[in-house]
Amino acid sequence: MTSVLIVDDEKYVRMGIISETDWSLIGCEVVGEASNGLEALEKAETLRPDLIISDIRMPKMDGIEFSTKYLEKHPDTKIIFLTAYNDFEYARQAIRIGISDYLLKPFQDGELEASIQRLLHVNNTTMSEITALENELVPLKPKSEISNKYVQNAIEYIEKHFRDTDFSIGKLAESMGVSEGHISRLFKTEAGISINNYLTRYRIRKAMDYLKDVSIKVYEVADMIGYQDIAYFSNTFKKLVGKSPSDYQSNGIL
């Protein structure tokens, strides 16, 4: 699980980033937040996050100064800057001190997740690692590593019914003769993610396979994996894979 520190002087911006990003879907966990660079410097030294998402303009210590100081000690830390100021000078400074990515606020739904996925998994990847990378981007615990029979049966149900547009945990639980709460708890314990997140990752893994055939249209792939809304499918795909389905189909993972 990738640990994340959120840094922004606006409380509601921090709350929005934390609550509106599907962290568990992309294998991340927010471990802390800070309201300025000075506070972030202290918290980062204690928490040692893998990834820092920071505003640039903040009181007491701005993002540029904070990142410069922190990267001097911890150069392998990934940092994404968020700023409402479309200022080339800030972008130039960010690149010069080693910032990993730079997004303008307000960013679009799925844009932050895509940036994180590209940053953590795609950059500096060689062609020989493509298959491993795809598995890393959208990880699924194999059934062979699941010991609980109920969870194994739940995974088999997902594999058979992932195309269903009306898929529900209720139907899954009913097919197994158990309660929704019981199978949900068992599944999360054994598989490490919720049933819904497993379903989403399974669908996207299938989409990645289907998109390797350039003769299949993106909207057809969406329908093949149980999505009626192509925009929702494209957004979900981009969150996990780091690029749109059409871009993935044209250029592959790199």
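Author: Two residues are in contact when heavy atoms of theirs lie within 4.5 Å, and in this sense Tyr-150, Asn-153, Ala-154, Tyr-157 and Ile-158 of H7 meet Lys-171, Leu-172, Ser-175 and Met-176 of H8. The model is predicted, so that local features need pLDDT of at least 70 and side-chain atom pairs pLDDT 80 or more, while totals for chains, interfaces and linings use all residues. Residues are numbered from 1 along each chain as its sequence is written, and side-chain values use heavy atoms, with hydrogens and water left out.

Reader: Why are H7 and H8 called oblique to each other?

Author: H7 and H8 pack at an angle of about 125°, with their axes 10 Å apart; helices are DSSP runs (H or I) of at least four residues and strands (E) of at least two, numbered from the N terminus, and angles run from 0 to 180 degrees between N-to-C directions of axes fitted to C-alpha atoms, for helices over the stretch in contact. Under 35 degrees counts as roughly parallel, over 145 as roughly antiparallel, 65 to 115 as roughly perpendicular and the rest as oblique, and H7 and H8 are therefore oblique.

Reader: What kinds of residues make up the contact of H7 with H8?

Author: The residues of this contact divide into six nonpolar, two polar and one charged, where Ala, Val, Leu, Ile, Met, Phe, Trp, Tyr, Cys and Pro count as nonpolar, Asp, Glu, Lys and Arg as charged, and the others, Gly among them, as polar.

Reader: What makes Lys-171 count as partly exposed?

Author: Lys-171, which lies in helix H8 (residues 169-176), has a relative accessibility of 35% and therefore counts as partly exposed, the class between buried (under 20% relative accessible area) and exposed (over 50%), with a 1.4 Å probe and protein chains only. Leaving aside residues up to four places away in sequence, Lys-171 touches Tyr-157 and Asp-166.

Reader: Why are H7 and H10 oblique to each other?

Author: Helix H7 (residues 149-161) and helix H10 (residues 195-211) pack at about 45°, with axes 10 Å apart, and are therefore oblique. Ile-155, Ile-158 and Glu-159 of H7 make this contact with Ile-195, Tyr-198, Leu-199 and Tyr-202 of H10, a set that divides into six nonpolar, no polar and one charged.

Reader: Which residues have the most contacts inside the largest nonpolar core?

Author: They are Trp-23, Ile-53, Phe-233 and Val-241, in a core of 56 residues; such a core is a set of buried Ala, Val, Leu, Ile, Met, Phe, Trp, Tyr and Cys residues joined through side-chain atoms within 4.5 Å. H10 gives this core its largest share, nine residues. Not counting residues up to four places away in sequence, Phe-233 touches Ile-204, Ala-207, Val-218, Val-221, Ala-222, Ile-225, Tyr-227 and Pro-245. Another core lies apart from it, with 19 residues, including Val-7, Ile-56, Tyr-70 and Phe-81.

Reader: What is phi of Arg-48, and what is phi of Lys-60?

Author: Most residues other than glycine have a negative phi. Arg-48, however, has phi near 50°, a positive value in a residue other than glycine, and Lys-60 has a positive phi near 70°. Arg-48 is placed in the loop between helix H2 (37-47) and strand E3 (51-55), whereas Lys-60 is in the loop between E3 and helix H3 (63-73).

Reader: Why does Lys-60 count as exposed, and why is Arg-48 partly exposed?

Author: Lys-60 has 72% relative accessibility and so counts as exposed, whereas Arg-48, with a relative accessible area of 47%, is partly exposed.
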